[in-house]
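Reader: Please go through the terms used for this protein. I would like each one set against its definition.

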Amino acid sequence: MTPPPHRDAGAGRPISRKSLLKAAVAAGAAVPLLSSGTRALARDSAGQGRPLSVTPACDDGDGPTHDQIEGPYFKPDSPLRTNLVDAGMPGTALTVSGYVFGRHCSPLAGVLLDFWQADDAGSYDMAGYTLRGHQFTDARGAFSLTTIVPGLYPGRTRHLHVKAQAPGGPVLTSQLYFPGEPRNATDALFDAALLMNVRGAGNGKEGTFDFVLDVDGTPGPGDPTDPPTDPPSGAWAPGRSYAVGDRVGYQGGTYRCVQAHTSMAGWEPPHVSALWRRE
Ligand SMILES: [Fe+2]
């Protein structure tokens with residue numbers, strides 16, 4: 001079944017100044033970009049001594065009461081899994097990965113991330129748990145989700161839903177958006193601060209996003225913002241498998257791997273902030 005449009009995204013709704021600002025941002029007016037053309041991630045600001053801006057909450061506007069702010073399609077008790085793709089499921093492959101930080105730039109381990117989304121045709125599974133799942137960040141505060149690109153449905157731009165909660169902390173209910181979507185400019189719920197970096201990867205897509213939760217957080221071992229104490233592990237080269245924490249040299253700079261990957265020409269460390277952080 002195709003779900004109805006979310007309530008406050010319907011036609012005829014007065015356009016607020018905030019909506020106009022969002023539309024302007026969606027059109028590319030004010031999105032902070034790195035030189036590589038991607039948005040700055042929280043990890044790029046971590047370690048600079050300034051508190052991070054928390055990830056905005058974003059609700060579907062469907063709920064007249066506070067406990068429904070996640071919209072009409074959330075279901076509790078999703079399965080524990082990082083891969084939401086069932087065999088034969090249509091759609092474009094998508095991985096989303098990143099870190100969860102506290103306000104003070106420390107990665108947070110054990111954060112609950114609960115994702116839910118529409119299928120390739122824009123429908124939510126309300127009978128079962130298709131395209132729903134929760135996971136926990138690892139000791140480095142990292143997460144990785146394997147899924148498909150959600151389909152469009154009336155009234156909304158393309159989005160993933162997520163709830164994020166540090167142990168003992170408040171629940172952040174939010175949504176993640178895709179750059180370059182025409183409907184970003186007209187969806188009143190769209191927030192440019194919730195855009196992922198997305199790039200093509202084979203026949204699929206890879207998205208990255210760092211959450212910042214409104215909790216203090218405590219630095220721990222494996223903290224990617226820790227000062228480096230180990231020597232560089234050699235010069236960067238294409239065709240190598242790099243793990244999170246690996247350090248390489250490239251054109252006089254030293255970089256630390258922030259996302260496991262196999263290197264290739266075009267992904268030199270200065271060009272891919274999603275993979276390498278300069279030290
Ligand atoms: Fe939705």
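Reader: What share of contacts between residues at least 6 apart in sequence join residues at least 24 apart, and what makes two residues a contact?
Author: The share is 67%. Two residues are in contact if their C-beta atoms, placed from the backbone, lie within 7 Å. The model is predicted: local features need pLDDT of at least 70 and side-chain atom pairs count only at pLDDT 80 or more, while totals for chains, interfaces and linings use all residues. Residues are numbered from 1 along each chain as its sequence is written.

Reader: How many helices and strands are there, and what makes a run count as one?
Author: The protein has two helices and 14 strands.

Reader: Why are β3 and β6 called edge strands?
Author: An open sheet of four strands has the order β3-β2-β5-β6, with antiparallel pairing. β3 (132–136) and β6 (171–177) each pair on one side only. Two strands pair if DSSP finds at least two bridges between them.

Reader: How do you know that β2 and β3 pair, and that β5 and β6 do?
Author: Strand β2 (residues 112–116) and β3 are joined antiparallel over five bridges, and β5 and β6, also antiparallel, by seven bridges. At least two bridges are required, so both count as pairs. Leu 113 faces Gln 135 in β3, and Leu 160 faces Leu 176 in β6. The hairpin of β5 and β6 has five residues between the strands, and there Gly 168 takes a positive phi near 75°.

Reader: What makes β6 mostly covered?
Author: Five of its seven residues are buried. Buried means that 20 or more other C-beta atoms lie within 10 Å of the residue's own, with C-beta atoms placed from the backbone; exposed means 12 or fewer, and partly exposed lies in between. In the protein, 37% of the 279 residues count as buried.

Reader: Why is the largest set of 51 residues called a nonpolar core?
Author: A nonpolar core is a set of buried Ala, Val, Leu, Ile, Met, Phe, Trp, Tyr and Cys residues joined through C-beta atoms within 7 Å. The residues with the most contacts inside this core are Val 100, Phe 101, Leu 108, Ala 164, Met 196 and Leu 213. β1 gives the most to the core, with five residues. The core draws at least three residues from each of domain 1 (7–212) and domain 2 (241–278), whose bounds come from an automatic or database domain assignment.
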